[in-house]
Amino acid sequence: MIKTLLEQTSFSYDDIVTLLSIDNQEDLDLLMKKALSIKKQYLGSKVHYRGLIEFSNVCEKDCYYCGIRKSKEDVERFMMDEDMVLESAIWAYKQGYGSITLQSGERQDSYFIDYVERVLNKIQDACNHELGITLCLGEQTPDVYQRWFDAGATRYLLRIETTEDELYRQLHPQDGHHELSIRQACLKSLRAIGYQVGTGVMIGLPGQSIESLAKEVLFFKDYDIDMIGMGPYLVSAGTPLVDQMDVASFDSLKGKMIRFELGLKMIAVCRLVLKDVNIAATTALQAIHALGREKGIDAGANILMPIITHENHRAQYLLYDQKPCVDDTAEQCKQCLNRRVESVEQEVGYFEKGDSRHYHNRMK
Ligand code: SAH
């Protein structure tokens, strides 16, 4: 039955629920194999790198799941100086990474907005405007998105986290600063400006069903998004979400493996449904399974995000516990990911931006 389903070119809500519900190894292997073949058919056998610079953990948001939320007092806050960001970007450029991602906690003050604008200009000047730059800096006004676009960012990743109203409210304080509708409006404004737009969800959240995840896949399709960054939810000790749960049972080995497998199934199903979008095999997969990112690529992902955050600050940017690679240097991350890509018989697209194919197709 799965075999015929996998031959389809379009998928209904019920089909997606069926695929996400697969619970036996044989069908799971068929799903992964099909997703990988669709990836290769639409995007070839390359994987592209986005050097990830986590330049600040200062955050105004208070999301109940996140390890750098505003109210978490035991976090040593930092903001890199501009030259440190620039140095990492130039390093990535010289390595032939083709693209970087700038990520931080969320702030809307003018100091922060100007800082990002200046950094973008400096990076583009230093790298001959040849580097693809993705921003992952949360909700901003259309004006700010436009300024950063004009300064040289071409992609924006803003995870919706979940589109299920009630779950969204369970994950965020009701203080007027955490509104699902605003996040959705941000995605629309990013698109109107001309960004390649990325979004994504956390997978395996407490209270999240398979049906809910199936709706997320349809949300990605409905918003015609270009890129997806998503991964399993991971516990972060000392956050309200974890304080409310029975951690021992939620975070048992079995619990973790269920979330991990669901993460892989989501990648595969998004590949089947959305075909030509960029999908990242995120670090969160590797936080659960040593071969998490390889398995993500085998499930149809085509993007990897080697961390190039300066060693001095890696351990301060902890969205969740057990973050891998905190003790590595940028060079070690490069060697490590190169081996991972080789092991799954694909190659790294060095010196290429690796833009979203979907974006170029929809712009035609
Ligand atoms: N503040 C920025 C980006 C930083 S957080 C923004 O809002 O876009 C980047 C992503 O990390 C979030 O979108 C969220 O999906 C993910 N994240 C945060 N806490 C997490 C956790 N405990 N487990 C898994 N992913 C988490």
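Colleague: Where is D125 found?

Modeller: D125 is in helix α5, residues 110–126. Helices here are DSSP runs of H or I with at least four residues, strands are runs of E with at least two, and both are numbered from the N terminus. This is a predicted model, in which local features need pLDDT of at least 70 and side-chain atom pairs count only at pLDDT 80 or more, while totals for chains, interfaces and linings use all residues. Residues are numbered from 1 along each chain as its sequence is written, and side-chain values use heavy atoms, with hydrogens and water left out.

Colleague: Is D125 buried or exposed?

Modeller: D125 counts as exposed, because its relative accessibility is 57%. Exposed means over 50% relative accessible area, buried under 20%, and partly exposed in between, with a 1.4 Å probe and protein chains only.

Colleague: And what separates the C-alpha atoms of D125 and G96?

Modeller: A distance of 16 Å, with the two residues 29 apart along the chain.

Colleague: Change of topic. Where does G255 lie, and why does it count as buried?

Modeller: G255 is part of helix α12, residues 253–274. It counts as buried because its relative accessibility is 13%.

Colleague: What about T9? Which loop is it in?

Modeller: T9 is in the loop between α1 (2–7) and α2 (13–20). T9 is exposed, at 63% relative accessible area. The C-alpha atoms of T9 and I90 are 42 Å apart, with 81 residues of separation along the chain.

Colleague: On to the ligand. Which residues come nearest?

Modeller: Y65, R159, E161, R183 and L234 come nearest, out of 17 residues around the ligand. A residue is near a molecule if one of its heavy atoms lies within 4 Å of it.

Colleague: How does that shell divide into nonpolar, polar and charged?

Modeller: There are 10 nonpolar, three polar and four charged residues in the shell. Ala, Val, Leu, Ile, Met, Phe, Trp, Tyr, Cys and Pro count as nonpolar, Asp, Glu, Lys and Arg as charged, and the others, Gly among them, as polar.

Colleague: Where is E161 in the chain, and what is its phi?

Modeller: E161 lies in the loop between β5 (155–157) and α7 (165–171). Its phi is positive, about 70°, although E161 is not a glycine. Most residues other than glycine have a negative phi. E161 is buried, at 10% relative accessible area.

Colleague: Last one, E345. Buried or exposed?

Modeller: E345 is exposed, with a relative accessible area of 70%. E345 is placed in the loop between α16 (330–343) and β12 (347–348), and has a positive phi of about 55° without being a glycine.
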